[in-house]
Amino acid sequence: HVVQTVTLDSLDGIDLIKLDTEGNELKCLQGMPKTLEKRPTILFECTENGEEIFAFMRKLGYRIASINDKNQTVTPVTSPAGKDIWTLNYLATYGA
């Protein structure tokens with residue numbers, strides 16, 4: 001099947017992104033500078049490149065919280081939780 005693709009930067013009105021690209025999250029984030037200028041909320045999985053992803057997001061002014069599926073909690077964090085299966089998902093919001 002042939003599938004037409006577009007970049008997020010070619011779209012308007014994006015305010016929420018769910019990013020789960022099996023270890024390619026940092027590359028995806030780096031590839032959408034125009035979208036990130038609009039400061040969308042981002043839900044992302046982080047199993048690889050965690051420190052680099054967090055540094056990239058913090059540089060843009062994002063706050064990050066871990067989403068713990070087991071305890072059903074959202075907790076502000078400054079670094080990734082590692083390989084803890086219950087805290088691989090994060091919420092990034094812009095601002096203080």
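Close-up 1. Arginine 39 is partly exposed, with a relative accessible area of 30%; partly exposed lies between buried, under 20% relative accessible area, and exposed, over 50%, with a 1.4 Å probe and protein chains only. The model is predicted, local features need pLDDT of at least 70, side-chain atom pairs count only at pLDDT 80 or more, and totals for chains, interfaces and linings use all residues. Residues are numbered from 1 along each chain as its sequence is written, and side-chain values use heavy atoms, with hydrogens and water left out. The loop that holds arginine 39 runs between helix H2 (33–37) and strand E2 (41–45); helices (H or I, at least four residues) and strands (E, at least two) are DSSP runs, numbered from the N terminus. The phi of arginine 39 is positive, near 60 degrees, and the residue is not a glycine. Most residues other than glycine have a negative phi.

Close-up 2. Strands E3 and E4 pair in the antiparallel sense over five bridges; two strands pair if DSSP finds at least two bridges between them. Isoleucine 67 has valine 74, in E4, as its bridge partner. Four residues stand between the strands of this hairpin. Glutamine 72 lies in the loop between strand E3 (62–68) and strand E4 (73–77), and has a positive phi of about 55 degrees. With 72% relative accessibility, glutamine 72 is exposed.

**Close-up 3. The largest nonpolar core.** This core has 17 residues, and those touching the most other members are Leu29, Ile42, Phe44, Ile53, Met57, Ile64 and Ala92. Strand E1 (16–19), helix H1 (25–30), E2, helix H3 (50–59), E3 and strand E5 (89–94) each give two or more residues to the core. H3 gives the most, with three residues. A nonpolar core is a set of buried Ala, Val, Leu, Ile, Met, Phe, Trp, Tyr and Cys residues joined through side-chain atoms within 4.5 Å. Isoleucine 64 touches residues including Phe44, Met57, Val77 and Ala92, leaving aside residues up to four places away in sequence; contact means heavy atoms within 4.5 Å.

**Close-up 4. Cysteine 28 and cysteine 46.** The structure holds zero disulfides, a disulfide being a pair of cysteine sulfur atoms within 2.5 Å. The sulfur of cysteine 46 is the nearest cysteine sulfur to cysteine 28, 13 Å away, and this is too far for a bond. Cysteine 28 is partly exposed at 28% relative accessible area, whereas cysteine 46 is buried at 2%.
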